[in-house]
Amino acid sequence: MRELTLVFQHADFYALNKPAGAPMHANDNEVSVVHQLAEQLGEQLWPVHRLDTPTSGVLLIARNANAAAALSQLFADRAITKTYLAIAAGKPKKKQGWVVGDMVKARRGSWRLTHSKVNPARTQFSSEAIATGYRLYHLHPQTGRTHQLRVALKSLGAPIVGDTRYGGEANTYLHLHAWQLAFTYAHEAFAITAPLPNYGLFADPATKAALAK
């Protein structure tokens, strides 16, 4: 079992750099990432929000019930600014702007974006070329729907590397990383960043150079 790494510690919460593949819910092979961290640190912990199993990056985990309620409410109120990084191959329909539309269930647990906007998923994004044929996307979801970012990039004609469910090129890892969370808690401002993973195109010097600009 992989050892978990913290990127920030507070009296009321931890920020974990969740590895790709670490599940939020226990399965036949692994315990939940929150339970694993609790065992690793020897204290009781509370989940605040979630990341899909194949997604890496910043995950907030509360150290007491009051903090869990307060932080969960910040997410519910959309008072936390979320920045994800993704890498996709090909030329998108547009290089920056918004992806807005309702999401409906498709086959085998997938989702698709529709043109209707009754209760839309909203994602702001920008992108830039990195390695030949690939682009790095900065994604700022304004809503929190299942597979929202993966579906957004598919709708642009640029599914995420490793996201074969939505037509992305095959790779061991989904190239989607929860890079930063910015928020105010107990009258203090935080901007917590998780380092890029050291695999695939995230480890490419061109990706790191683009992020350092």
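Let me start with Asp163, which counts as buried, because its relative accessibility is 1% and the cut-off is under 20%. Keep in mind that this is a predicted model. Asp163 sits in the loop that runs between α3 (148–155) and β11 (176–185). Leaving aside residues up to four places away in sequence, Asp163 is in contact with Arg150, Gly168, Glu169 and Leu174.

Now to a loop residue at the surface. Arg78 lies between α2 (65–76) and β5 (81–89). Its relative accessible area is 58%, so Arg78 is exposed. Together with Lys94, Lys117 and Arg122, Arg78 forms a positive surface patch.

Next, Gln124. This residue belongs to strand β9, residues 121–129. Is Gln124 buried, exposed or partly exposed? Partly exposed, because its relative accessible area is 33%, and that class falls between the 20% and 50% limits. The contacts of Gln124, again without residues up to four places away in sequence, are Gly97, Trp98, His138, Leu139 and His140. As for distance, 114 residues along the chain separate Gln124 from His10, and their C-alpha atoms are 30 Å apart.

Last, helix α1, residues 33–41. Which of its residues are buried? They are Val33, Val34, Gln36, Leu37 and Ala38. The cover over these buried residues includes four strands: β1 (5–9), β2 (13–18), β3 (46–47) and β4 (56–62). After α1 comes Gly42, with a positive phi near 70°.

How values were computed:
Residues numbered from 1 in each chain as written. Predicted model: local features only at pLDDT ≥ 70, side-chain atom pairs only at ≥ 80, totals over all residues. Heavy atoms only, no water. Helix = DSSP H or I, 4+ residues; strand = E, 2+ residues; numbered from the N terminus. Buried < 20%, exposed > 50% of the residue type's maximum accessible area, 1.4 Å probe, protein only. Contact = heavy atoms within 4.5 Å. Patch = residues over 30% accessible without salt bridge, like charges linked within 9 Å, V, L, I, M, F, W, Y side chains within 5 Å. Areas by Shrake-Rupley, 256 points an atom, 1.4 Å probe, with all protein chains shown as cover. Salt bridge = Lys/Arg side-chain N within 4 Å of Asp/Glu carboxyl O. Lys, Arg positive; Asp, Glu negative; His and termini not counted. Charge placed at Lys NZ, Arg CZ, Asp CG, Glu CD.
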